Amino acid sequence: MGKVKGLLFVLLTLLFVTSCATDKKANVKEEFDSATIANEGLKFFGEKRGIYIGTAITEGQLNDEKFVEIVKKNCNYITPENEFKWENIHPSRKVYNFKKTDKLVAFAKENNMKIRGHTLVWHSQNPYWIAKPGTTAEELKETMKVHISNVMTYYKGQVNDWDVVNEAIADNGELRESIWQLIIGDEYIEHAFKCAYEADPNAKLYINDYNIEDINPKSNKLYEIVKNLVAKKVPIHGVGFQFHLDGRWEPDYVSIRANFERFKKLGLDIQITELDVRLPKNYSEVDLNRQAKIYGELMKIMLEVKGSAFIMWGMTDKYSWVPSFFSGFGGALIFDEQYNPKPAYMKLKEVLVKSK
Ligand code: G3I
């Protein structure tokens with residue numbers, strides 16, 4: 001099986017390089033020679049096109065040399081997958097645990113990568129001490145403020161992009177009934193952004209969510225919230241679109257583009273923050289090619305709307321969250337479990353190489 005995949009990769013590379021060489025004949029001067037196309041990773045071409053290429057990563061994965069090599073070659077942006085989450089970084093009121101985040105921040109620094117603080121305020125992965133029966137809105141607002149202030153101040157100048165509020169909208173298109181919303185009320189979002197700005201006025205502050213990729217009730221609600229924040233001059237700089245997709249079918253690219261554009265018109269940055277495209281575990285070549293097309297089309301849209309980052313929720317299927325959350329699914333990322341590049345990897349490279 002490994003040999004077949006290896007052969008498939010060689011064939012794909014040859015096909016890709018040949019297709020670029022054919023283009024070369026048509027153009028007087030080609031931007032990249034075939035050796036550059038074959039040898040450079042995604043980040044090289046991303047830099048040329050003005051878009052960061054990123055991955056989720058855990059502190060434990062830093063010990064996997066092969067994985068680290070792939071990340072260094074392809075990415076100039078990382079998002080710690082779990083380490084910045086409240087229960088990990090601030091497990092009890094007086095205790096902050098910066099050990100793992102420090103390692104990831106140092107890794108980013110050593111390798112000239114941007115790093116995302118994911119996430120400050122979320123409905124999930126919160127420790128129990130945050131609230132108890134009878135906790136008032138004022139008390140919880142203060143707890144939030146202290147957390148945001150301490151975490152962001154600690155990493156001031158080192159972590160610049162923050163998912164300030166994550167997954168605030170429920171799947172029915174209403175505000176999610178989180179601990180924050182239930183105790184503080186809808187204004188918790190505004191409060192979080194104001195606290196973040198106060199902690200680090202130079203940081204880029206994002207709201208991040210899933211199933212908001214195209215125009216639908218959930219993204220409409222987010223748009224309404226964000227538009228209000230902007231109108232009230234609440235410091236918010238961008239929207240993170242997670243993109244955890246089901247790769248059995250293609251998304252509505254026209255709607256995705258229109259959605260991105262309406263947020264852009266509010267003056268906000270657009271990022272794809274957690275892309276993966278899951279497939280049934282026994283996926284076929286047809287599935288892999290559809291998956292590649294989805295990755296490629298999304299990159300094209302991002303380049304067209306000038307989004308600033310294209311971040312995938314991992315690089316290799318070996319470490320993906322997908323199989324443990326979606327029974328019967330896997331194969332969602334651009335390298336397989338043996339670290340072989342998949343057609344989606346080749347497609348991303350092709351799109352980056354060819355778009356000007
Ligand atoms: O670290 C503990 C370990 O000590 C324990 O033995 C084990 C037993 O279950 O759990 C381990 O923690 C798990 C953690 O991942 C690290 O592997 C948690 O149970 C598990 O819930 C957690 O899942 C993460 C999930 O968010 C919830 O925080 C996934 O790795 C992570 O990929 C996923 O990421 C989210 C984004 O943050 C937000 N958007 C959706 C995305 C996918 O769900």
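Helices (H or I, at least four residues) and strands (E, at least two) are DSSP runs, numbered from the N terminus. This is a predicted model, in which local features need pLDDT of at least 70, side-chain atom pairs count only at pLDDT 80 or more, and totals for chains, interfaces and linings use all residues. Residues are numbered from 1 along each chain as its sequence is written, and side-chain values use heavy atoms, with hydrogens and water left out.

**Stop 1**

Select N112, which sits in the loop between α6 (99-110) and β3. Its phi is positive, about 60 degrees, although N112 is not a glycine. Most residues other than glycine have a negative phi, and most peptide bonds are trans. Is N112 buried or exposed? The relative accessible area of N112 is 70%, so it is exposed; the cut-offs are under 20% for buried, over 50% for exposed and in between for partly exposed, with a 1.4 Å probe and protein chains only.

**Stop 2: strand β3**

Move on to T119, in strand β3 (residues 114-121). The peptide bond leading from H118 to T119 is cis, with omega near 15 degrees.

Next select G117, also found in strand β3. G117 is buried because its relative accessibility is 0%. Which residues does G117 touch, leaving out those up to four places away in sequence? They are F84, V159, D161, W162 and D163, where contact means heavy atoms within 4.5 Å. For a distance check, pick the C-alpha atoms of G117 and I57: they are 12 Å apart in space, and the two residues are 60 apart in sequence.

**Stop 3**

Select Y339, in the loop between β10 (329-330) and α14 (343-354). Y339 is another residue to check for backbone angle: its phi is positive, about 70 degrees, and it is not a glycine. With a relative accessible area of 12%, Y339 is buried.

**Stop 4: α12 against α14**

Show α12 and α14, whose axes come within 8 Å and cross at roughly 30 degrees. Axes here are lines fitted to C-alpha atoms, for helices over the stretch in contact, with angles from 0 to 180 degrees between N-to-C directions. On the α12 side, select L288, N289, A292, Y295, G296, M299, K300 and L303; on the α14 side, P343, A344, K347, L348, V351 and L352. By class, this contact of α12 with α14 holds ten nonpolar, two polar and two charged residues. Ala, Val, Leu, Ile, Met, Phe, Trp, Tyr, Cys and Pro count as nonpolar, Asp, Glu, Lys and Arg as charged, and the others, Gly among them, as polar.

**Stop 5: α11 against α12**

The residues in contact are Y253, I256, R257, F260, E261 and K264 from α11, with K293, I294, E297, L298, I301, M302, E304 and V305 from α12. Eight of the residues in the contact of α11 with α12 are nonpolar, none polar and six charged.

**Stop 6: cysteines**

Finish with C75 and C195. C75 is buried at a relative accessible area of 0%, and C195 is buried at 5%. How many disulfides are there? The count is zero, a disulfide being a pair of cysteine sulfur atoms within 2.5 Å.
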